[in-house]
Amino acid sequence: MDKLLIEGGARLSGEVAISGAKNAALPILCAALLTAEPVIFTNVPQLKDIGTLLALLGQMGVKVERAGDTVTLDASGLNNPVAPYEMVKTMRASILVLGPLVARCGEARVSLPGGCAIGARPVDQHIKGLQAMGAEVRVEHGYVHATVPRLKGARLFTDMVTVTGTENLMMAAVLADGETVIENAAREPEVVDLANCLVAMGAQISGAGSDVIRIRGVERLHGATHRIMPDRIETGTYLCAAAVTGGSVRLTGTSSCYLDAVIDKLMDAGCEVVSERDAISLSAPARLNAVSLRTAPYPAFPTDMQAQFMAINCVANGVAMIRETIFENRFMHAVELQRLGADIRIDGNTAVVQGVARLEGATVMATDLRASASLVVAGLVAEGETTIERIYHLDRGYERLEDKLAALGAKVRRLT
Ligand code: UD1
């Protein structure tokens, strides 16, 4: 298994390009299932999760062509609306094929995603929504089996704000008979990017980006070309990496407009942040101030940035309170950060981080995607060498991580 070796202490500086968003690309690639015409996607990040999804689509009969960051999908030969356990277990987002398959084929068999390191993460809301649209859904032998001659528009309400739930139901509704209203919808920018792609394919959607989305079903969708939005979590991670080293960086191909809550906190920490149309620059003081935060659905502070901010607080001046309200078990990075000398106390869904003057390199283990990112951030500032094991988690969500960090002056290498 690959490991990452980081020699801490280098101040990051320079420029790096941000990739397309994983969490936008995953649902948007699934949208290609909704039409028999080819759809072209650009700015698709080269990540393990994207490879997994393309393999899944391929075994359903979708023709997949990939050239650099462009992916062309042709679902005219879609003949096997099944997502097997072997593929779904490695990537929860595979559940995003459920809505489009039921809408286009009138049938889908998708494995339940099962357990997940950061919490239980059920898919009951996805199922409830499809049932409200007239699908007969049975959960048997670990699979969700949904059938319906044609989905019917309905008023849908989700018990909590769910990102992939909103996306799945929006994709199901675009080919339904009549109007669907999704209330309590997720407002994440990735939901808006998906809606924009669906509209380019001929869907009728309004309200994406608000908590009420209206979809008027159409008979069929057509081909289109869509550029995936920049990855706001990758952007935020590099901002934290630069901030913790007292660095000064410019990130291109991204925008601060998706990152208000994160940039606000970085400025509270003492960083100077300058936004351009397609770039963000950050310069950080020698030592950051501690910043408290609470995660919540967009536009509040994203749970996917919580771990990276815990890392920067470990060496900040003062005490930070971090409250996680989305996932029940998302502090696994804390024990690994403690191995580097961090002072963190966990009480339920709150972590109290007392900044220390310095961290020390050690061997730590990546437990999930964003937890791994926090270990990288901490490793960049820890004295001596930090070895991060199980970095396959990082490969799921960060394109060419060590190349990009090295381009900014970090001393980092991969051991295979
Ligand atoms: C998405 C993101 C993930 C991010 C998360 C929260 C993708 C591919 N992944 O995950 O990176 O951390 O949003 O911003 O976009 N829930 C239920 N029942 C459901 C659905 C959700 O109880 O049917 C709960 C979950 O367990 C969780 C909360 O709702 O506690 C929010 O989860 P959700 O927004 O659905 O997360 P994902 O869409 O899986």
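Helix H8 (232–244), helix H12 (369–381) and helix H14 (401–407) each contribute at least two residues to the lining of the largest cavity, where helices (H or I, at least four residues) and strands (E, at least two) are DSSP runs numbered from the N terminus. The model is a predicted one, in which local features need pLDDT of at least 70 and side-chain atom pairs count only at pLDDT 80 or more, while totals for chains, interfaces and linings use all residues. Residues are numbered from 1 along each chain as its sequence is written, and side-chain values use heavy atoms, with hydrogens and water left out.

The structure holds one cavity of 30 Å³ or more, a cavity being a set of points, on a 1 Å grid over the protein atoms alone, where a 1.4 Å probe fits but cannot get out. The space in the largest cavity amounts to about 40 Å³, a volume being the space filled by probe spheres set on the grid points, which are joined across faces, edges and corners. Its lining, made of residues that have an atom within 4 Å of a point, consists of Thr237, Tyr238, Ala241, Ala373, Val376, Val377, Tyr398, Leu401 and Leu405. By class, this lining comprises eight nonpolar residues, one polar residue and no charged residues; here Ala, Val, Leu, Ile, Met, Phe, Trp, Tyr, Cys and Pro count as nonpolar, Asp, Glu, Lys and Arg as charged, and the others, Gly among them, as polar.

The ligand is surrounded by 19 residues, of which the closest are Asp124, Thr162, Thr164, Asp304 and Ile326, a residue being counted as near if one of its heavy atoms lies within 4 Å of the molecule. The shell around the ligand is made up of eight nonpolar, six polar and five charged residues. An oxygen atom of the ligand lies 2.6 Å from an N or O atom in the side chain of Thr164, and an oxygen atom of the ligand is 3.0 Å from an N or O atom in the side chain of Asn23. A nitrogen atom of the ligand, in turn, is found 3.2 Å from a polar backbone atom of Pro122.

Helix H6 is largely enclosed by the rest of the structure, because nine of its eleven residues are buried, that is, under 20% relative accessible area, whereas exposed means over 50% and partly exposed in between (1.4 Å probe, protein chains only). The buried residues of H6 are Gly165, Thr166, Glu167, Asn168, Leu169, Met170, Met171, Ala172 and Ala173. The N-terminal end of H6 is capped by Thr162, a side-chain oxygen of which lies 2.9 Å from the backbone nitrogen of Gly165.

Several further residues are described by their surroundings. His145, located in strand S9 (residues 143–147), counts as buried at 13% relative accessibility, and the side chain of His145 makes a polar contact of 3.2 Å with the side chain of Glu107; a polar contact is a pair of N or O atoms within 3.5 Å, of which, within protein, one must be able to donate a hydrogen and the other to accept it, and residues adjacent in sequence count only if both atoms are side-chain atoms. Ala32, in the loop between helix H1 (22–30) and strand S3 (39–42), is buried with a relative accessible area of 1%. The C-alpha atoms of Ala32 and Val62 are separated by 8.8 Å, although these residues are 30 residues apart along the chain. Met201 belongs to the loop between helix H7 (189–200) and strand S12 (204–206) and counts as buried at 0% relative accessibility.

The peptide bond from Tyr298 to Pro299 is cis, with omega near 10 degrees, and Pro299 is placed in the loop between strand S18 (293–294) and helix H10 (306–314). Arg390, in the loop between strand S23 (385–389) and helix H13 (392–397), has a positive phi near 60 degrees in a residue other than glycine, and Arg390 is partly exposed at a relative accessible area of 36%. Arg400, found in the loop between H13 and H14, has a positive phi near 45 degrees and is partly exposed, with a relative accessible area of 48%.

Conventions. 1 Å grid on protein atoms, 1.4 Å probe; cavity = no way out; pocket = protein on both sides within 12 Å on 5 of 7 lines; lining within 4 Å.
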